[in-house]
Amino acid sequence: MRLYLAVFALLAAVHCEELFNGTDQVLRINAESKNHIQILKKLERDVDSGLDFWTHAVSTEQPVDIRVPHSRLYALKDFLKKNNIPFTVIINNVQELLVREREEMVRNAEVERQTKSFNFAAYHDLETIYKFMDTLVASHSNLISKVNIGSTFEDRPMYVLKFSTGGEKRPAIWIDAGMHAREWISHATAVWLADRIATDFKKNRAPVPSILSKMDIYLLIVANPDGYVFTHLSFSPINRFWRKNRSATSSRKCNGVDLNRNWDAEFGGPGASDDPCAEYYRGPFAQSEFEVKNIAKFITSHSNFKSFMTLHSYMQLLMYPYGYIGIDALDWPELHDVATKAKIALYSLHGTVYKVGSIFHKIDQANGASLDWAYLRGIKYSFAFDLRDTGEYGFLLPADQIVPTAKETWFALKYLMKYVCDHPY
Ligand SMILES: [Zn+2]
């Protein structure tokens, strides 16, 4: 295997120049044996490979999607063929999709400016999302308030929307999105959800009023503002596919910590990297990052959260703890049953199929993940969504899928929130 990896690096160098002006592709690899999985895992650990793993090698059941910079395409395809590992190209021209996405955003911003309206079927930058939040709070001031929970590494405020009909520190539900910067569908879904919760309350549509008569809902639309801003700086893959936050690290050439490996939940285990250049860099110590610290402090000091839900993408998964270990959580029967029913509710709208399971079994071993942190601190109803799609577009989900995604997610969330409300503990 060492030989093949060395060959891979050499070929990458040889072909770098002649293929310089091309586009990245996303390859889907279908591992057929444990040996294939070991080879792919090793490749992912090699941060110098230049490969961007969108999904991981866990089992032969689940495909591995890799964004391959153009300069590495020839070498990787050759490497896979030599190792008899089958693959297909699922995104042939990444650059074309990036340009199309950017053009759509520019066009939409112009229409929004002219019509002075907010289009839920479009992706927005941080500034526009923050303005949207202000407008929403202003028009629903009897229900929503904006809470600043602290600043990021680059000194941007982190705002949580609090939906409350009164009372002090009522039992509460936490929902966050955008912890990983490139997962734009999660931010866009959260924006739609904020509006939907407000509208359903105003129009007295079940189950929102009854939930809000007993509980508060806290919604953090952008959990990683610095990373999100970075994804908007240009339509180059380096920006658009940024996952981590933007903090300085011990490496001069690499920024950013994976915020979903930085939590004080079995931090430092094998399900994260200690290399600052890795996509899954856990940070120097548990909760070293401002963004994680701010959320953890807020939830801990509130001390009455009954549910913790976090929106990511992609792969259409609804997951519960654990991520750090493959054993079942104590509440597994209930969590599995509730997640399965939520998945059925989601399916009922557009027929979108989700899979249910623990993070460890559905994605990969993950140490320092927020879901485990919440669960280990006694928040029983802890769930993570990986939203659409299953790889046709991956992180470049077209904007016309935002509202259908948000609506079906709402079906699952409504079920989950009502269940939490009906099962106090
Ligand atoms: Zn994520």
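Reader: How many aromatic pairs does the structure hold?
Author: This is a predicted model: local features need pLDDT of at least 70, side-chain atom pairs count only at pLDDT 80 or more, and totals for chains, interfaces and linings use all residues. Residues are numbered from 1 along each chain as its sequence is written, and side-chain values use heavy atoms, with hydrogens and water left out. Rings of Phe, Tyr and Trp (its six-membered ring) pair if their centres lie within 6.5 Å; planes under 30 degrees apart count as stacked, over 60 as edge-to-face and the rest as tilted. The number of aromatic pairs in the structure is 23.

Reader: What is the angle between the planes of Y123 and W184?
Author: The pair links distant parts of the chain, 61 residues apart. Y123 is in the loop between α4 (94-115) and α5 (126-139), and W184 is in helix α6. Helices (H or I, at least four residues) and strands (E, at least two) are DSSP runs, numbered from the N terminus. The ring centres are 5.6 Å apart and the pair is tilted, with a plane angle of 55 degrees.

Reader: Is W184 buried or exposed?
Author: Buried means under 20% relative accessible area, exposed over 50%, partly exposed in between (1.4 Å probe, protein chains only). The relative accessible area of W184 is 1%, so W184 is buried.

Reader: Why do the rings of Y322 and Y375 count as they do?
Author: Their centres are 5.6 Å apart. The pair is edge-to-face because the planes stand at 80 degrees.

Reader: Which residue lies over the face of W184?
Author: A charge sits over a ring if NZ of Lys or CZ of Arg is within 6 Å of the ring centre and within 35 degrees of the ring normal. Here the distance from the ring centre is 3.6 Å, and the residue is R240.

Reader: Which residues are the protein donors of the zinc ion?
Author: Donors are N, O and S atoms within 2.8 Å of the metal (3.2 Å for Na, K and Ca); water is not among the atoms, so sites may look incomplete. The donor atoms lie 2.0 to 2.3 Å from the zinc ion, two ND1 and two OE. The residues are H180, E183 and H312.

Reader: How many residues apart in sequence are the parts that H180 and H312 tie together?
Author: H180 lies in the loop between β7 (172-177) and α6 (184-202). H312 is in strand β9 (residues 305-313), so the parts tied together are apart in sequence by 132 residues.
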